[in-house]
Each structure stands twice: as C-alpha cells, then as structure tokens.
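Keep the viewer open and follow along, heading by heading.

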Amino acid sequence: MMRTARNRQLGAGAGVYVTLVVAVLLSVFPLYWTVVGASRSNTEINSVPPVLLPGANLFRNIARAFEQTDMGLALANSLLVSGTVTVCVVLTSTLAGFAFAKLRFPGRSPLLAAVVATMMVPTQLGIIPLYIMMANWFHWADHLQALIVPAVANAFGLFFMRQYLLGAVPDELLDAARIDGCRTFGLFRHVVLPAARPAMAVLGMLTFMATWNDFYWPTVVMTQQNPTIQLTLSELASGYLRDYSLVLTGALVASLPVIAAFLVMGRHIIDGIMQGAMKG
Amino acid sequence: MRTSTNRTRRLSALAAALTLPLLATACSSSGGPAAEDPNAKITLTVNLFSDFGYADLYKRYQDLHPNITIKENRADLGAHHQNLRAHLLAGSGAADIEGIEIGQVAGFKPQADKFVDFLTKGVDRNQWVPSKTAPASSQDGSALFGLGTDMGGMALCYRTDLFKAAGLPTDRDQVSALVADWPAYSAAGKQFLANSPNKNVRWFDSAGNLFSAVIAQAPVGFYDESGKTVVESNPAVKAAFDSVAAAVKDGQSAGIQAFTPAWDTGFQQSQFATVACPAWMSYQFKANPPADGGKWDLARIPGGGGNWGGSYLTVPKQSKHATAAVELAKWLTAPEQESWLFTEKGYFPSDQALWTKPEVAGHTDPLFNGAPTGKIFSQSAKDLKPQPLGAHGAEIGTALGNALTSVEQGKADAAGAWKKALADIANITG
Amino acid sequence: MALPATAARHVRSRSRPSGRLGRLDRMVSPYLYVAPFFLVFAVFGLFPLLYTGYVSMTGWRADVPGSEDLWVGLDNYRKLLDDPFFRNALWNTLGIGVLATLPQLLFALGLAHLLNHRLRGRTLLRLGVLLPNVTSVAAVTLIFVQLFGRDFGLINWTLGLFGLDRIDWQAGTLSSWTAIATIVTWRWTGYNALIYLAAMQSVPYELYEAAALDGASRWRQFRSITVPMLRPTILFTVIVSTIGALQLFGEPMLFSQQQDPTSGGSQHQFQTLALYSYSQFWGRFKYGYGAAVSWAMFLIIVAIVAVNLLAARRLRGVDAE
C-alpha cells in the first residue's frame, strides 16, 4: 500500500532538491564544525576569517581531553548505564506492553491511563523528591544505580510497545495458539516476542540515545568523581583550560557513539518514529 | 519493514550480547567502604574550582606512595561550592579533598564539624597568619578545617607592547606611578584608548574582575565584623561599583566574562591591555600566551594592597580515605611544595615563614618580563588588613559582577544594574 | 523478577491446556507481566510526583535541620505570586517556548512537504535531517555557544559578511531567546518533519487528484488538504514540543557565560523555570520552595496543553483517533 502511494507521489524538481540539500547541510554543519574545531587549536578556531577545514590536531586534542578529565570513566559509565537501561526498558516495556495490548484483566484501563497521564508530566516535577530518596533514603547518590533504576520504568516505552503489539499481533493468532495449548508465557515467547523484535530494536535504540544524552538528572545526582559523559562535557566547558578546541573535542567524543549507532540503525529509527507517529 | 526483520534481529541480538554483561556488572558495582590499610591501593579524589598547579605534585606524591592514585576534578567556582555544600548536607558525594575559596569559606564555618579537624592531625596553625586560619576555623576557634594554600595579593598586569604602541610608559615603576590609584588608572585607560593604534584592544578584560579587585581593597566589603550584610549601607561597595561602571561607560572594558573560554581567547588574541591580577592568576597568563608574541609585565595595583582570593584544602569527614587524604593535603600545603608552587606556577604561599625565604622573596618571574613578583607579593601579604567575611560573600560578588556585565552589555545603566543586584542579593541571603 | 520461574512452570504444564492451572494463568499472569514495570513505576515515577506536592507545602530547607516537618500549607505558592524572579523565569520560559516551537513546527511542515516528493537518495536525506536529534543537549549547546560567540563566533562573522553588526547573543533578552530557540529548533525540526511526513503519506492521493481537477494550485492543495488532514498530528507535535520547551534546562544553563550558571544571563534574561527551580533547590537548599516552583511549572504545562486542546477543538476537525 505504501509502495503505491509512493509511486503516486509528486516528482521532485530541482528546487525541491536544492532546498532539501540546504536543510541537510544546515543539519550537518554544526557537527562538521565540531570536527573542524576538535582538530584545531584554540587560536586557530578564533581567527578571522574563521577556519573551515579540519586541521591536524584531532588526536592530540583527544589525548589532552582524556588526560585532563575522566573521560574514560565517563564513557564507561555512560555505556554501562545506557546499555543496562536499554535492556531493562525494552524488557519491562515488552512484557507490560503485551499485557496491555493483548490480555484482558481487571484494572487494565485505569493502569494504562495512569501511565499515559504521566507521559505528560515533566520529569523535573519529581526531581527534588527523587534526589532526596537517592541521597537520604537509599544512599545511592553518586552511584550508577541512581541513574539506572528510576529509568527502568519508561512510560513512553510501554505505550510504544503496546501500540505496536496492538497491530502487529493478530488476536486470531493468539486464540489459535491458546487452543493449541499455549499458556500465556507460551504466547509471549512464541508469538509476541518474534513479532515484537523490530519495535524492540527501535525502542532500544531510542532509549539508548535518550539515556546517553540525559543531562538534568545526572547533573543533580552524580558528581564529577563518578560522571557520565555529559557531565564531563560540562566540566570541560568550565573548570579546565577553557579551550574551545578541547570543548569541541569533548562534544565530538560524546557524540560519536550515538552518531555511529544512528548511522547503522538510522533507517529503523526513522521507520520507528514514523510508525509511532501513525499510531500515536 | 518486513524485509529488514532479519537485519533487525541480528542487530538486536548484537545489542543484547553487548549490554547483558553490563547488566551483570551494574548490579555488583557498589563497593563498600575500604578499611584504612595504609598500603591498600586507593584512589584519592580532589575537587577544585580552577587550576591549583598540582599536576606535577600529584605525580611526585604518587611516586612516593605507589599505592595511591590521585584524581582531580574541577568545576566553576560557584558550582563547585554549591555542590560541596549539597554533598555535605546529603552526607555523601564529596571528594576526599575539597578546595574552598576564601570568599566562600565563611559559609562552611557552621558545618566545621563535617570536616576533619587538622589540629588533631598534627598541624600547627602558626604555619599561617591568624587572618588566614581564622576563617577556616570552627565558630569557637577550637578546630581548623582548612589548610591554607595560596594568597591573592594583587598586582596590575599590563602588556608592554600595547602600552608602547599607545605611547604609555612601559617601565614597571613608571607604570606604577602612572596608575597610583583607581581614578588615575581610569584616566590612563582613556589615554590608552585614544592613542592605541589597534581599536580592537580595550583597557581591561572584564568589569566583574575589575570590581573584585577594587572592592578587595576596602577595609570592609560585603560584611561587617558582626557577619551582617552591609552591601547597601557600605559606601565603599557602591563607590567601587560606580567607578567600574563609569569605566565601562567610557568603553574601557572588553566585556569578556572571566573564567570562560572567551576570556582565555581574549588573552590569546590580545583583546585587552591590562588585567588586575592576583598571584593565582599567573596560570592564566602562562596557559594563554598572546598569539601576536606580545609580553606581559607587572606593576603595583592601583590603590595598593588588598587580597583577592586564595584558598584552603579541606577533608570532609565523609571521605572513605580520610587519613590518607589528610596526609596528602598536609603534603600539598607543606613549605617545600608551597615554595615550588610559587616559583614554578606563581601561586603565592600563605605559609608565613616562606615570605622571608630568599627563594620566595627574591623570586623574579620570566613570565612577567622578570618582574620581582616575590618582593611585590610578599610585601602585599605582610601589609594585608583582612576584610571581614560572610557566608554568601562570593555569591554577592557574583551578583554584583553580573550586574556590571549587564552594564557592559549595554542592557542597563549603573543605577538600574545596582538596583537589580540588590534584589538578587536579597534573594541570595534570604 | 520472578518471571523465569513462572515461565518454566507454564511450559511444563502445557500437557493440561485448560483446568485450574489454566484459569489461574489467565487470571494472574497479566499482573506478572506488568509487575516489573509498575513496581519501579510506583516507587520512582508516581511516588516522587506526589511527594513533591507534599514537600511544596513544607518550609523544608536542607540547610536548616528539622525544617523538613515544617508545614506551611500554601505559603510557598503565595510567595511565588510575588516573586519577581519566578515571574521573570515564567516570562522567559514562555517567550523561549514560543520562539522555539512555532518556527520549528513550521519548518518541519515545510520540510515534510518537500520530503514527500518522489526523491532519489530518500533515506540519506531523511537521515540527514534527523541527525541533529541524536546529539546531546550538552554537546549541541556547547557547540552553539562557540558558533554564537560574540567576537570570534561563526554566526557573527557571517552577519559581518552582510554588513551587519556583531550581536552579543547572551546579552539581550530577545537575542538570547533567539539563540536558545535556535538550538532547540536545530535539534527537533527533523524529528517533527518525519512525524509530519508519516501523516502526509497516509493522506489519500485521490483528494489531491480531485483538487487538481478543480484547478487548485499546489499551495492551495497544501493549505486545504494537507494541513487539515494533518491536524491531529500537528496538535500532537504542538503539545509534545510545548512540554519540551517549558522544561528547558540544559540549553540555558550551558549557554550562560556567568559565574553562576543557574543565573541565566547577567539579568536573568534567559533564566527558565527549570533553571530557577534548580537554583532554589540545589543552590539555596530551599527544597520546599523549589518543589512549589516545580508544581507551578506542571500546572502551567497542564493549562497550556488544555488551551491547545480547546483551541484545536474550536478550530474543529479534531476527531481524536
């Protein structure tokens, strides 16, 4: 169906291409500029007229950034936190999404409504109590579990998986499997899980990027002794030699993992965003 | 979508394989408090707010103590002290050693019991003058929670090449005479701007910085002896504010926020000809030599005297390695290291015995064209009449600095900016 | 997570498809599936929200021992009404919100329209416009701080090429709002464009054919067919972007060049509500007051979303779903 619609799309004239290419260039330029800055010295970046081509200092700058901040630890922390959160979110969301999409049980609608309602609530609303809980009750402040555990229940993730499974798994198939003797877990294992894989991959990717990029909560609950990469970035911009080339190097190092993942998985992410939009 | 499920499946399997081991380690990553075995391998964390020049000293200390690794973190001055206060209140999150700036130290006095008392750790408080130890002592004076590092005796740093081009004297005694007090400094600024061939060069870097220097010379600043805020009633504050605002109005300020990347760039790109420079600012000059090959020299600060900045090292009791941290803090503030920090890095020691030692008092600094920095800063340290300090001194200074920034930005006049600053200060102290 | 154990039991008991176990399975297992989510959700999602409400009615200051039990009722909220800093932050948040949301969604709409042509290199173009969205707020803001630099920034240099004066972006109210809104717009335009694109692709082609037969111009078709058909999607993006814009934190914090990064400019000209709440709670230890700022912020978001929904209903054509 999509294919026929596409064939009937309007052909693109030169104007369309030119405008789109300009848009893409505007999107890419700041990142390109980051590469330029990260491979130059502070003096070169701040010269008039400005330099627009990469220089030769990239590896030296990266070495300096690693030497002056705890970037190795920060990258490892971010990887650990983002990876763990991703696995947990995909798991809890798929399980719960399946229940909400395909199982009938008392309390289903109010529970779902509660989840959807909190999607509207700004994360910041809970920050102060969450910090009090982490610092005073659990003594998790500055520990990675303070970043991981609260992130495991992701309202968006649940909603996303439910919407996907609603359409991706026909009820008839589940009924047939039940008649064949499958218990609920059998349905999940043999019918739902295989069908959910594409959505799980997209949700995983989105979760990974969101967790990797999170700034506010780590700023509150973590310290520079145990930073995530985003915290190290803000440290680079303030406390150190205050050198633009180092700041941009940090920005580059912090962005590379997600950009690499994006280039590999990008098509699926695009599909995911577009499908989510259709159903949401 | 359908055709790509295979690839997606492989990718998600790969992702799972990559992250599962992480999941396992995440749950076992919390280490318990280590027992204080003097030879156990430990990492000491040091949280500072600017460069204290310690990097080489850490290396030396680690060579002396192979079981110890030292890690330093830095944040903005404001953020650093905010975080420290929050972590003291929370009972966790502080580093093993935390730096505290003198303008902030009064705010930590009520929490003196949350720090290790150095007097019980074999420290003699006579290593410093009373004006340095008093602010870092508990309310009743029985405990000392901060070891003095450096002092902020001030000078005026100026660019000889830019002065010469503008027809101003370049000899440091002549410059000292030219800018004997702040009105004379301001007049010289006018002369400089009128005659400097390069119109991109301003007289000074930042109104906030200049204000810090001017107010540092007042006998009473933001607080009186009883610890009450007197910003509004103390004429010295308003006078300093107005004189800086007037200089800004004359176009003397480059309007660059200090301690930002743009400030460092300003040094490199020669955007200003003078900087009111406390001893600890040397690192800034060293790290950012002018790209055009220009040279800095150092004259007497207009008005003479005053102290701006200087710091302490503290060890919060929550540190898991308090004993080792105390040893490191003591070592870093010991006379040999303090003396080395001055001759190599420019941080003038607060250790009073050093002020008469020839290697300190006789030191000349090639960074400043061989200026006798030892003589200048020793004299200013001996002459120092300390200002009374208060809990929010640094934040008040920041608020007034912000107000002057808005004047620099052309967004407010002196009177309007002053009013806004007072509102900010009420919010800070309230 | 007791799931693997139950799972094993399920598999073993497969030989008896119906009966007591089967009924038990149907009744109980749904709860097991939602349990992991809701356990965490209740403790770390729901509880803090309610607890914030409680804290906001106390005079809790972390630096005043014993103050956590000091009940002050609605005092904090009353204080908010006369707090010039709160009003300023609210004004800034709304201003930046409008500047960050409106152009963003208009650009996204235009971009989606262009992407909805038959294109070579379609995937590459889509990847290109989405790329900004995967970079972090911290990285992007630091990059833009450099680009927006007063003396040596690329943007001012470009303005200079056109004979325009340099702008001190942090200095002014409008200039700082514009700069922050630019950062937000840059990050989110591509994302919204893809959402619009998806919606556009589900518009029946016959509508355009009919309109073309009636002699409607392309622009006319866009206005009278595309936009109305997209209305639910537009509403969705308006609400999501509004919620995002009202919570801006990292951008204004890192954009600031002040010694105190929570001040949001020399005269708080870009201090947002989130930044103000943070400065009260983290910088001044006023937990109670900071919580009240958070709750007020939430209520404002609810109000704005409600106004959006009402306005959309007024403009009719919102047949939800």
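## Ground rules and the fold of chain C

Helices (H or I, at least four residues) and strands (E, at least two) are DSSP runs, numbered from the N terminus. This is a predicted model, in which local features need pLDDT of at least 70, side-chain atom pairs count only at pLDDT 80 or more, and totals for chains, interfaces and linings use all residues. Residues are numbered from 1 along each chain as its sequence is written, while chains are lettered from A and ligands numbered from 1 in the order in which they are written.

With that in hand, let's start with chain C. Its secondary structure comes to 14 helices and zero strands, so from the N terminus on the elements read α-α-α-α-α-α-α-α-α-α-α-α-α-α. The radius of gyration of chain C (taken over C-alpha atoms) is 25 Å, well over the 20 Å that the globule rule gives for 321 residues, so chain C is more spread out than a compact globule. That rule is 2.2 Å times the number of residues to the power 0.38. Along its principal axes, the C-alpha trace of chain C spans about 85 × 75 × 40 Å.

Buried residues account for 49% of the 321 residues in chain C. Here a residue is buried if 20 or more other C-beta atoms lie within 10 Å of its own, exposed if 12 or fewer, and partly exposed in between, with C-beta atoms placed from the backbone. Two residues are in contact if their C-beta atoms, placed from the backbone, lie within 7 Å. Among contacts in chain C between residues at least 6 apart in sequence, 67% join residues at least 24 apart.

## Where chain C meets chain A

On the chain C side, 86 residues are in contact with 78 residues of chain A. Helix H2 (residues 20-55) of chain C brings the largest share of the side that touches chain A, 18 residues. That side of chain C divides into 59 nonpolar, 22 polar and five charged residues.

## Confidence in chain A

pLDDT is the predictor's confidence in each residue, from 0 to 100. Chain A averages a pLDDT of 88, and 94% of the residues score at least 70. Over residues 1-6 of chain A, pLDDT stays under 50, and the model has four contacts beyond four places in sequence for them. Where pLDDT is low, the predicted coordinates should not be read in detail.

## Two domains in chain B

The domain assignment of chain B gives domain 1 (16-151 + 309-361) and domain 2 (153-307 + 371-429); such bounds come from an automatic or database domain assignment. Taken over C-alpha atoms, the centres of domain 1 of chain B and domain 2 of chain B are separated by 29 Å. Between them, 24 residues of domain 1 of chain B are in contact with 23 residues of domain 2 of chain B. The domain 1 side of this contact divides into ten nonpolar, ten polar and four charged residues.

## Strand S8 of chain B

Is S8(B) enclosed or open? Eight of the eight residues of S8(B) are buried, so the strand is largely enclosed by the rest of the structure. Two strands pair if DSSP finds at least two bridges between them. Strand S3 (residues 97-101) of chain B pairs with S8(B) in the antiparallel sense over four bridges, and Glu101(B) has Ser311(B) in S8(B) as its bridge partner. S4(B) and S8(B) also pair in the antiparallel sense over four bridges, with Gly148(B) opposite Tyr312(B) in S8(B).

## Residues worth a click

Arg172(B) lies in helix H7 (residues 172-178) of chain B and counts as buried, with 22 C-beta neighbours inside 10 Å. Not counting residues up to four places away in sequence, Arg172(B) touches Asp297(B), Leu298(B), Ala299(B) and Ala371(B). Gly227(B), by contrast, counts as exposed with 12 C-beta neighbours inside 10 Å. Gly227(B) and Pro388(B) are 161 residues apart in sequence and 7.5 Å apart in space, C-alpha to C-alpha.Most residues other than glycine have a negative phi, and most peptide bonds are trans. A cis peptide bond joins Val48(A) and Pro49(A), with omega about -5 degrees. Phe285(C) has a positive phi near 60 degrees and lies in the loop between helix H13 (273-283) and helix H14 (287-314) of chain C.

How values were computed: Nonpolar A, V, L, I, M, F, W, Y, C, P; charged D, E, K, R; others polar.
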